[in-house]
Every structure is written in C-alpha cells, then in structure tokens.
Amino acid sequence: QQIHLGQGLPQLFHIQALFTEALWGPAAAAPAAHPTQWDHTELLAHCSCVIGMHPDQATDQIVNFANACSPCRPFVILP
C-alpha cells in the first residue's frame, strides 16, 4: 500500500505480509505464484530504508534483511 505524503516528499510504502526470508531472500528472486509477493520483492530490492512499527516476531527478520542487503539498508524498529 502506497502512502502519499504530498508533492516533493518521499514515497512511503506499507507491506502487510509475513516478513520472513521467503519474502526477501534468494528464493524470492523468482516470480512467485502470489503476485503481491513479487511486488514486495521488487519494492524491497529498491528500498532506501526499512521501518518496523510494532513488528513483534518480525524484528529479527527486519534486522537480517537490512544487513543482508548490498549495501546494507538503514533500519529502525519502533516498539
């Protein structure tokens, strides 16, 4: 889901999905049977940072994703 902040401001996208390596890891590189997963893979491949808002069990996966990117992505976790 795209969040519009206004003209001239950065674009924000909200991914509401199970954030596991299946979403962003090597297995996600090929088009998935589920079209939204492919959209998420493309979005994650080109993101400039990752923000986890109340991620609970996804916290480790967000950190792993940010560190696995080349170059590493900045990230923040908000409890």
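User: In this predicted model, the side chain of arginine 73 reaches the backbone oxygen of which cysteine, and at what distance?
Analyst: The model is predicted. In it, the side chain of arginine 73 comes to the backbone oxygen of cysteine 47, and the separation is 2.6 Å. A polar contact is a pair of N or O atoms within 3.5 Å.

User: Is arginine 73 buried or exposed?
Analyst: Arginine 73 sits in the loop between α3 (59-68) and β4 (75-78). Its relative accessibility is 13%, and the cut-off for buried is under 20%. Arginine 73 therefore counts as buried.

User: Is histidine 54 buried or exposed?
Analyst: Histidine 54 is also a loop residue, placed between β3 and α3. Its relative accessible area is 52%, and exposed means over 50%. Because of that value, histidine 54 is exposed.

User: The side chain of histidine 54 reaches the backbone oxygen of which residue?
Analyst: Leaving aside neighbours within four places in sequence, histidine 54 is in contact with Leu78 and Pro79. The C-alpha atoms of histidine 54 and proline 79 are separated by 4.8 Å, although the two residues are 25 apart along the chain. At 2.9 Å, the side chain of histidine 54 reaches the backbone oxygen of proline 79.

User: Which element gives the most to the lining of the largest pocket?
Analyst: The largest pocket has a volume of about 810 Å³. Of its 24 lining residues, the closest to the centre are Phe13, His14, Ile15, Val50 and Ile51. Two or more residues come from each of β2 (12-13), α2 (35-45) and β3 (50-53). The most, four residues, come from β3.

User: How many charged residues are in the lining of the largest pocket?
Analyst: The lining of the largest pocket holds 17 nonpolar residues and seven polar ones. Its count of charged residues is given as no charged.

User: Which element gives the most to the lining of the second largest pocket?
Analyst: The volume of the second largest pocket is about 170 Å³. Among its lining residues are Thr41, Leu44, Ala45, Phe65 and Arg73. At least two residues are supplied by each of α2 and α3. With three residues, the most comes from α2.

User: How many residues make up the largest nonpolar core?
Analyst: Members of the largest nonpolar core include Phe19, Leu44, Cys47, Val50, Ile62 and Phe65. At least two residues of this core come from each of α1 (21-24) and α3. Isoleucine 62 touches Phe19 and Val50, and also Gly52, Pro55, Phe75 and Ile77, not counting residues up to four places away in sequence. In all, the core has 10 residues.

User: What pattern does the chain follow, read along the sequence?
Analyst: The chain has three helices and four strands. Of its 79 residues, 23% count as buried. Among contacts between residues at least 6 apart in sequence, 44% join residues at least 24 apart. Read along the sequence, the pattern is β-β-α-α-β-α-β.

Definitions and conventions. Residues numbered from 1 in each chain as written. Predicted model: local features only at pLDDT ≥ 70, side-chain atom pairs only at ≥ 80, totals over all residues. Heavy atoms only, no water. Buried < 20%, exposed > 50% of the residue type's maximum accessible area, 1.4 Å probe, protein only. Polar contact = N/O pair within 3.5 Å; in protein donor to acceptor, adjacent residues only side chain to side chain. 1 Å grid on protein atoms, 1.4 Å probe; cavity = no way out; pocket = protein on both sides within 12 Å on 5 of 7 lines; lining within 4 Å. Points joined across faces, edges and corners; volume = space filled by probe spheres on them. Nonpolar A, V, L, I, M, F, W, Y, C, P; charged D, E, K, R; others polar. Core = buried A, V, L, I, M, F, W, Y, C linked by side-chain atoms within 4.5 Å. Contact = heavy atoms within 4.5 Å.
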